[in-house]
Amino acid sequence: MDKQLFNDAILRACRKEPVPHIPVWYMRQAGRYQPEYREIRKKYSFFEVNENPEVCAEVTRLPVEQLGVDAAILFADIMTPLKPIGIDVDIESGRGPVISNPIRTLEDVNRMGQLNVERHLPYILDSIRLLREQLSVPLIGFGGAPFTLASYLIEGGPSKDYHKTKGFMYAYPSVWKALMDKLGEMTITYLTAQIEAGAQIVQVFDSWVGALSAEDYEIYIAPTMHHIFSEVKKTGVPTIYFGSGSSHLLEQWNQLPVDVLSIDWRITIDQVREKGITKTLQGNLDPSLLLAPFDLLKERAKTIIDQGKKQQGYIFNLGHGIFPEASADTLRKLTEFIHTYSQNQ
Ligand code: 1CP
């Protein structure tokens, strides 16, 4: 790849360096809102797309080509590494990951195997290598964080309140610790392998950890997250940590050896900066605004950029993922607006 043509704005933002424009990408930028994706899914199951590097690379590139975003995110799921270690997970259309053998006991935890990425997920590494040849923007690798993975493993599928997960955590603290340790090591192994294959940034999705109080985060989660980010830091590749509804945990996140904090719309960027947080920030447009009249969407994006630009180290994104009802055309126009508005200031 010709270095001159390579758009490294997001890497610069991660490192808090000056940028030619505010970099932007969208969580869940590949998915059901795209007619092309829906066509591909008629032919292949979710995991078939995941397991075929040519198709996986095509789906990963689609939003870069169509929306003009500044980064690609590998097409996979947070559940991808759990399948080869003995978890019977299926992705149900319109629902999400469903598990037929939920975790209930220490024996269940011990039965989970050890991830060997070269052996179990060679297609993930092949997809990354292929994408690095094809892309002129950085490639983001990713994994699920232990709490969020555990919520699916214990609930058996998506949940609204995480009562079973939290009940398990309070009732069996030593089994919980064993589960966090196991998922933590798996995450380190998985992210490191993606980086060795060519991922240029990695994001850890802890989508549901905001369900915990700050006190419980400190006791049950922080040590594992500290371990994960200190290990991944050794690679020198920038790391991003995302959670929704997690503003009450930001002071604790700020203590982690992570480079970028990805926030949702329940807090403003100014409010985060007022807390003394100086890490790069990513976010935080409410994805529902994708259904608003474009002028309103633009106004809200403008406010976010104006706040984000006050310090070096800002990446535009949504506060959570794109959903199937969103329009690719709106996202394309939004991306263009963010680039021109942030260039001309
Ligand atoms: O462009 C991309 O972002 C694509 C890659 C990607 C990523 C980063 C997918 C594909 N999934 C994810 C992460 C992921 N998966 C998260 C973290 C991000 C978030 O909070 O949105 C979570 C919680 C999951 C679990 C999951 N997988 C759900 C959510 C269920 C719930 O509890 O609400 C769903 C619906 C899936 C399936 C899935 N994963 C990805 C896609 C495109 C889909 C839809 C599947 C389909 O084609 O049927």
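The following is a short exchange about a predicted model.

Biologist: Why is Ser127 called buried?

Modeller: Its relative accessible area is 0%. Buried means under 20%. Ser127 therefore counts as buried. The residue sits in helix H7, which covers residues 122-134.

Biologist: What does the side chain of Ser127 reach, and what makes that a polar contact?

Modeller: The side chain reaches the backbone oxygen of Tyr123 at 2.8 Å. The cut-off for a polar contact is 3.5 Å between N or O atoms, so the pair qualifies.

Biologist: Which residues is Ser127 in contact with, leaving aside its neighbours within four places in sequence?

Modeller: Pro53, Cys56 and Leu74. Contact here means heavy atoms within 4.5 Å.

Biologist: Why is Glu65 called exposed?

Modeller: Glu65 has a relative accessible area of 57%. Exposed means over 50%, so Glu65 is exposed. The residue belongs to helix H4, residues 53-67. Glu65 and Thr330 are 265 residues apart in sequence, and their C-alpha atoms are 15 Å apart in space.

Biologist: And Lys16, what makes it partly exposed?

Modeller: Its relative accessible area is 36%. That value lies between the 20% and 50% limits, so Lys16 is partly exposed. Lys16 is in the loop between helix H1 (9-14) and H2.

Biologist: Is Tyr162 buried or exposed, and how do you know?

Modeller: Buried, with a relative accessible area of 7%. The limit is 20%, and Tyr162 is therefore under it.

Biologist: Where is there a cis peptide bond?

Modeller: From Gly283 to Asn284, with omega near -10°. Asn284 is in strand S8, residues 280-285. Most peptide bonds are trans.

Biologist: What volume does the largest pocket have, and which residues are closest to its centre?

Modeller: The volume is about 1,400 Å³. Of the 46 lining residues, Arg28, Asp77, Arg95, Gly96 and Ile322 are closest to the centre. Helix H2 (35-43), strand S2 (89-92), strand S3 (96-99) and helix H8 (146-155) each give two or more residues to the lining. By class, the lining divides into 24 nonpolar, 12 polar and 10 charged residues.

Biologist: What makes a space a cavity, and how many of 30 Å³ or more are there?

Modeller: In a cavity a 1.4 Å probe fits but cannot get out. The structure holds 1 of 30 Å³ or more. The largest cavity has a volume of about 50 Å³. Its lining includes Gly243, Trp253 and Asp264. The classes there are 4 nonpolar, 5 polar and 1 charged.

Key: Residues are numbered from 1 along each chain as its sequence is written. This is a predicted model: local features need pLDDT of at least 70, side-chain atom pairs count only at pLDDT 80 or more; totals for chains, interfaces and linings use all residues. Side-chain values use heavy atoms; hydrogens and water are left out. Helices (H or I, at least four residues) and strands (E, at least two) are DSSP runs, numbered from the N terminus. Buried means under 20% relative accessible area, exposed over 50%, partly exposed in between (1.4 Å probe, protein chains only). A polar contact is a pair of N or O atoms within 3.5 Å; within protein, one must be able to donate a hydrogen and the other to accept it, and residues adjacent in sequence count only if both atoms are side-chain atoms. On a 1 Å grid over the protein atoms alone, a cavity is a set of points where a 1.4 Å probe fits but cannot get out, and a pocket is an open set with protein on both sides within 12 Å along at least five of seven lines; lining residues have an atom within 4 Å of a point. Grid points are joined across faces, edges and corners, and a volume is the space filled by probe spheres set on the points. Ala, Val, Leu, Ile, Met, Phe, Trp, Tyr, Cys and Pro count as nonpolar, Asp, Glu, Lys and Arg as charged, and the others, Gly among them, as polar.
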